[in-house]
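Work through the exercises below with the sequence and the 3D structure in view. Try each task before reading its solution.

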Amino acid sequence: MIKEFEITAEDLEEFKRLDAFLAKNITDFSRTLLKKFFEQGNITTSSSEQLILKKMPSLGTKIYFEIPELEDVDIKPQNIPLEILFEDEHLLVINKQA
């Protein structure tokens with residue numbers, strides 16, 4: 001799935017950096033994860049202008065965000081001793097070793 005954005009005059013007034021623009025418009029992912037996607041080539045443009053996260057592209061630039069496929073992960077629980085300091089139905093406080 002690809003999301004497409006076009007930089008408007010309002011965007012140029014509101015944002016000084018592309019990463020801030022992306023964080024505001026792609027709320028499903030953290031700014032750190034968006035940076036990772038950018039570095040992996042998932043955020044591109046068809047213009048000859050090179051995208052830089054610290055700089056807004058020019059007016060009318062189209063930005064494409066290709067949402068990566070989910071990866072299978074192999075996470076297994078570990079049985080480690082935990083000191084539970086407090087627990088109720090909404091909150092759990094744990095004293096965890098460093």
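Ala, Val, Leu, Ile, Met, Phe, Trp, Tyr, Cys and Pro count as nonpolar, Asp, Glu, Lys and Arg as charged, and the others, Gly among them, as polar. The model is predicted, so local features need pLDDT of at least 70 and side-chain atom pairs pLDDT 80 or more, while totals for chains, interfaces and linings use all residues. Residues are numbered from 1 along each chain as its sequence is written, and side-chain values use heavy atoms, without hydrogens and water.

**Exercise 1.** Sort the residues of the lining of the largest pocket into nonpolar, polar and charged.

Step 1. The lining consists of Phe29, Leu33, Lys36, Phe37, Gln40, Pro68, Glu69, Leu70 and Glu71; lining residues have an atom within 4 Å of a pocket point.

Step 2. By the classes above, five are nonpolar, one is polar and three are charged.

**Exercise 2.** Classify the aromatic pair of phenylalanine 29 and phenylalanine 37.

Step 1. Rings of Phe, Tyr and Trp (its six-membered ring) pair if their centres lie within 6.5 Å; planes under 30 degrees apart are stacked, over 60 edge-to-face and the rest tilted.

Step 2. Here the centres are 5.2 Å apart and the planes stand at 90°, so the pair is edge-to-face.

**Exercise 3.** Is phenylalanine 37 buried or exposed?

Step 1. Buried means under 20% relative accessible area, exposed over 50%, partly exposed in between (1.4 Å probe, protein chains only).

Step 2. Phenylalanine 37 has a relative accessible area of 7%, so this residue is buried.

Step 3. Phenylalanine 29, at 23% relative accessibility, counts as partly exposed.

Note on methods
On a 1 Å grid over the protein atoms alone, a cavity is a set of points where a 1.4 Å probe fits but cannot get out, and a pocket is an open set with protein on both sides within 12 Å along at least five of seven lines; lining residues have an atom within 4 Å of a point.
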